[in-house]
Amino acid sequence: MNLNDWFDKGMTLDQYIEGMKVNREEMLRIHEQFHLTEEQRSFAAKLADKNLRVIVLTADWCGDAMLCIPILMRIAEVGKMELRFLIRDDNLELMDQYLTNGKSRSIPIFIFIDEEGTEQAVWGPRAPEVQQFIENLRSTLPPKEDPTFEEKQKEMYRQFKKEITSNPERWTQVYNSIEDRLSKLVG
């Protein structure tokens, strides 16, 4: 299948949200609270001329998707980009073409395509600052053999979720990372 076929196979935003069973409220709350600045709106508006569409590889249980999709939604609203959502585990043939570091099925992955279905840019799964934050949290975990590892890991993920759902600076970091990736498209 080519990228146009994958796009056509994807769910619309409304279908994706309707089918969400995890992180729906948090994702929608971030979307409600995150707004583009005038400068960001100006950048996103330039993308409208490119007639881009976006394939989003995701899963509703993913905290990174909960953080990043609302930011993409805001960019897409101004940039007139249609989004289509594919669940990672149901679309491994495509996912395996976009592995993180050549080995990890990390999500979300945003594949920006033009009208012909040619890939123009790919972003994901995290902004560098968010990656550093999670790495710092992970560095505090005990070894996996430690009897408290599982409990400490759950606490680490709760801390990560709290940070990404309540700290607008993280949202801006995601926006900046996406803009940086797309900046070559607007010259």
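Met156 counts as buried, because its relative accessibility is 4%; buried means under 20% relative accessible area, exposed over 50%, and partly exposed in between, with a 1.4 Å probe and protein chains only. This is a predicted model, in which local features need pLDDT of at least 70 and side-chain atom pairs count only at pLDDT 80 or more, while totals for chains, interfaces and linings use all residues. Residues are numbered from 1 along each chain as its sequence is written, and side-chain values use heavy atoms, with hydrogens and water left out.

Met156 belongs to helix α8, residues 149–166. Helices here are DSSP runs of H or I with at least four residues, strands are runs of E with at least two, and both are numbered from the N terminus. Which residues does Met156 contact, leaving aside its neighbours within four places in sequence? They are Ile134, Leu137, Arg138 and Leu141, where contact means heavy atoms within 4.5 Å. Met156 and Leu141 are 15 residues apart along the chain, and their C-alpha atoms are separated by 8.1 Å.

I turn now to helix pairs. The axes of α5 (residues 63–79) and α9 (residues 168–186) come within 9 Å and cross at roughly 60°. Axes are lines fitted to C-alpha atoms, for helices over the stretch in contact, and angles run from 0 to 180 degrees between N-to-C directions. The two helices, α5 and α9, are therefore oblique to each other: angles under 35 degrees count as roughly parallel, over 145 as roughly antiparallel, 65 to 115 as roughly perpendicular, and the rest as oblique. The crossing of α5 past α9 is right-handed, which is the term if the near helix is turned clockwise from the far one by less than a right angle; anticlockwise is left-handed. On the α5 side, Leu67, Cys68, Ile71 and Ile75 meet Trp171, Val174, Tyr175 and Ile178 of α9. By class, this contact of α5 with α9 has 8 nonpolar residues, no polar and no charged ones. Nonpolar covers Ala, Val, Leu, Ile, Met, Phe, Trp, Tyr, Cys and Pro; charged covers Asp, Glu, Lys and Arg; the others, Gly among them, are polar.

Helix α3, residues 24–33, also meets α5: their axes come within 8 Å and cross at roughly 40°. That angle makes α3 oblique to α5, and α3 passes α5 in a right-handed crossing. Among the residues in this contact are Met27 and Ile30 of α3, and Met66 and Arg74 of α5. The contact of α3 with α5 has 8 nonpolar, 1 polar and 4 charged residues by class.

Next, the backbone. Most residues other than glycine have a negative phi, and most peptide bonds are trans. Asn23 is not a glycine, yet has a positive phi of about 65°. Is Asn23 buried or exposed? Asn23 counts as buried, because its relative accessibility is 8%. Lys80, likewise not a glycine, has a positive phi of about 55°, but Lys80 counts as exposed, at 62% relative accessibility.

Where are the cis peptide bonds that I wish to show? One joins Ile107 and Pro108, with omega of about 5°, and Pro108 lies in the loop between α6 (92–95) and β3 (109–113). Another joins Gly124 and Pro125, with omega of about 0°; Pro125 is in the loop between β4 (119–123) and α7 (128–138).
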